[in-house]
Structure formats: C-alpha cells, structure tokens
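Consider the predicted model below.

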Amino acid sequence: MAAPLMEKLSESLGSTEPAVRLILSVLVGYPCALLYRRFFFHQPPTVIHLYHAISGLSLAAFNFGTQLYHSALCVFIQFLMLRLMGRTVTTVLSSFIFQMAPSSIILVIVFIQFLMLRLMGRTVTTVLSSFIFQMVYLLAGYYYTATEEYDIKWTMPQCVLALKLIGLSFDYYDGGQEPSQLNPEQQKSALAKVPSLLEMTGFSYFYGGFLVGPQFTLRSYQRLVAGELTDCPGHPPNSVLPALKRFSLGFVCLAIYQIFSPYYPDSYYLTDDYDAQPFWYRCVFILLWAKIILYKYVSCWVIAEGVCILSGLGYNGLGQNGEHQWDACANMKVWTFETTPLFTGTISSFNINTNAWVARHVFKRLKFLGNKLLSQVTALAFLAVWHGTHSGYLICFSMEFIIVNVERQAQALVRDSPLLTRLANSPLYPLIYLVQQFFHWLFMGYPLVPFCLFTYDKWLRVYSSVYFCGHIFFFTLYLVLPYLRKALVPRKERSEKKED
C-alpha cells in the first residue's frame, strides 16, 4: 500500500521516490520531537534511548528497507570494539576501516580486530584501528553501489554515521587522558566510560540527525537525555518558535530548489546545446546552477536543524547578551551564505558541523606534523574520500584548497596595501562587491561541477567547454600575487610581515 502511494506522490511532485521518502523522513522528525517533549522528556534514560532507537530505525526501514542492517551492524561492531579494545588508538583506526568494508569480510575483520585488541590492549594502535575499520566499510559500500548519477541509498546516512562512530571512539580515547593534555573542545566531548549498546543505538539513530546530519557528540546526546539542554530546568525547552523559524526558512529554500532546479539540470552540461552557447553564457549557467543546486543541501540541513532545536539538542546556552541560543546543531548560516563575497565565508557557513568534525578529529590531531598546510591537505583529502570514490570529489576539494589559499593571499594584500585598503573602503565598494560576488559564485560553481557530475569524462567535458578558466584564473593569481605585493605594499610593511 505504501509503495504505490509513494510512487503517486513522487510523480505529482516531479521528484524521485527516494528523494520524497527522504524529505518526508526529515519532516517526520518534528512530530517525533513533539512526542519526545510531551511523553518522554521526564522518562528514565533507558526509555528515551529506546524511543530514539525505535523511531530512527523505523525511518531507516522506511527509506532503505532491509539495507538498514548496514548501519545497525556498524553500530553493534563499534560497541564491541569499545567494550573489548578500550581507550586505544586501535579502536579509532578499526572504527575508521570498518565503516568502509564489504559485509562479506566483516566477520574476518572483527575476529582479527578482536585478536589485535586482546594482544595490544589500551594502546594508541586501538584508536587507529577503529578509524580504519569504519572507513573501509563505507568505501566498500560506495564501491559496490556506485552509479554515475546522484542516488539516495543506504550509503548516504552511512557516511553520517561513520563520522559519528569514529568521533565516538576518539572521544572515548580522550576520556582516558589527563585533562591537562586535552584542549577545551576535547574536554567537553570526552567520555568517561563506554556507553551501553542501547545508548549507542539511540545516539546513532536519533531522528534529528540520522539521515542528513548534523553531527553531534555523544556527550551532547547524553545531556539531552538527562534533560540538561533546556532554557527552563526541569521542563521541555521553549524552543517551538525557534524551531518553526528554521523549518520555515528550510521550506523556503526547498521551494526555491523545487521551482528552479528543472531549469538548471546537471544533464544540460552534457548536451550539444550547452556546448553551442557563447562562452559567457556557459559561465553564467555555472553560476546560476551552483546557487540553485546548493539549496538541495541547505533545505534539508535547515529543516533537520529545526528538529534538533525542537527536541532541545540545539540548545547552546546563553549568548553574550544573555539571550538563549539555539544554534548548537546549526549546519548552515544562511545569511552569511547568501551575502558573503568570500569563498572562505561560504565554506565556513556551509555544512558547519561536518567541517567542525574534520577540524576537530583530523586537522587539529595532525598538529604533530608541524605543518599547517600539510594538515589542511590531509583534511581535504579525507573529505574527498569520505564523500565517495568518484574522481570528481578529489577535483572539487583540490580546487577548494587552491581557491582558499589564493584568496587568503589576496586578502592579505588588500589589508597590507594602503592603496587597496582605501579603495575597499571607498564609495566604489558597492560596485566592487557586485563584481566580487559574480566571480565568487562563478568560481564556487566551478569546483561543484565535478562534485555533482562525478566521473572524469563528464566534468572534463564541461571544464574543456569553459577552457579550464577556473584553473587558469587561480593559478595565474597564485603566480602574480607575490609581484603585486612587491609593487603595492610598502617595503616597511613587507619587512614587518616577514618578522611576524
């Protein structure tokens, strides 16, 4: 009965059935949160964990059917690793590998991991093993299910879950360290003991974050279950209005995407008609397409954030002015996303919690390398691999690395040059802003082309049609900026900069 109904609904909306199931599941989070507030807020933790686990597993079954066993198996294996291996680096590395391996070799890996754990004990190797374990399972899932199109399948929530479980192993490892060895962020998320299997299941399948995120720590989830994440202690939070605001904003973004996306389909890039258009038209199409395509992600994240706010998970304490904040699970800063003329501004306002996870568990933990640039490259390479096995992801994040570093050099030049500083603060700035926004969104769309087209034969065709203008533009800037700095920055400023 449900299948024909979903088929008719998807046809009437002009969307695919998996996409309709996904957005319905995200929306179902709101009644789930209301039920939690009304009937479960004052219940014991066991009851709350059970409610979150059942609701999340039901959503997983609705979307992926029997394939929900992938996520359930990963949660169970992660629980066993934490129980058996303890606070070791092997636990984290094993967790990383496991989330990316084919299910046919899971039992062998688990047995080997068990032997490693018994032999290694509480060592750094356990954390590393957990890290590798989770990633192998996810990558194998990508490999065996990959197509040349964007598909909504079990690997989508699996990539969210992989980060959750890897982060969990890191947090458990941190819980065994001396507080003086941890930074404030690590101290806040460190775990004193292994969670129960039911608690891990509730955390993993929490309806506000299982399908599309956001990322949050087990300590945050524990505070939610304990009733601590509220602006009125002992009672459900006054978060209905903030949640409705995010829902409304997310619905507007979804409407924009649904209305305009048919006019800017990915498939148009691969037509003779696109190739026949003038160069300027091809570039403008990339710009407009990028703006529209990103609303697909923005809408889901903002709506899901509203669910987290409604449940209380989004509560973030008091702000500087004493007002209650509800942005603990914010995955988007929509105003910044729409108005910033900077690439770094867009990146920092987009998929915030995932970027924060990578910064906390990859970038900052590579401090021992002693090279910030190398840590940045490694973090972006991890993001590319985490997204999938297609070459387009690697191209996208390599372009992000180039663009961000060139922009930082350009910002430093404007800041240190008296002439450019005066120009930036002159009455001409509105015109400069418009020009900057044009190039900003054109070259935001440029790396998104391989991200969305996946395979090299597709993105190479599009890049060839625009003459690799993004690569030429930024590599030219990279070579020219040092000479512009010599010409526009006074010698005194340059010498002071070198000393710093």
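In this predicted model, 27 residues line the second largest pocket, and those nearest its centre are Leu 342, Ala 410, Val 414, Ile 432 and Gln 436. The space in this pocket comes to about 900 Å³. Four helices each supply at least two residues of the lining: H19 (391–416), H20 (418–424), H21 (429–453) and H23 (469–488). Helix H21 gives the largest share, seven residues. Sorted by class, the lining of the second largest pocket holds 21 nonpolar residues, five polar residues and one charged residue.

Across the protein the average pLDDT is 86, and 88% of the residues score at least 70. Confidence is highest in helix H22 (residues 456–465), with a mean of 96, and lowest in helix H6 (residues 106–120), with a mean of 39. The pLDDT is below 50 over residues 101–122, a stretch that has 44 contacts in the model beyond near neighbours in sequence. Where pLDDT is low, the predicted coordinates should not be read in detail.

How many disulfides does a search of the whole structure find? The search finds zero. A disulfide is a covalent bond between the sulfur atoms of two cysteines. For Cys 469, the closest cysteine sulfur belongs to Cys 283 and lies 4.5 Å away, so the two are too far apart for a bond, the cut-off being 2.5 Å. Cys 469 is buried, because its relative accessibility is 17%, under the 20% limit. Cys 32 is also buried, with a relative accessible area of 11%.

How values were computed
Residues numbered from 1 in each chain as written. Predicted model: local features only at pLDDT ≥ 70, side-chain atom pairs only at ≥ 80, totals over all residues. Heavy atoms only, no water. 1 Å grid on protein atoms, 1.4 Å probe; cavity = no way out; pocket = protein on both sides within 12 Å on 5 of 7 lines; lining within 4 Å. Points joined across faces, edges and corners; volume = space filled by probe spheres on them. Nonpolar A, V, L, I, M, F, W, Y, C, P; charged D, E, K, R; others polar. pLDDT = per-residue confidence, 0-100. Contact = heavy atoms within 4.5 Å. Buried < 20%, exposed > 50% of the residue type's maximum accessible area, 1.4 Å probe, protein only.
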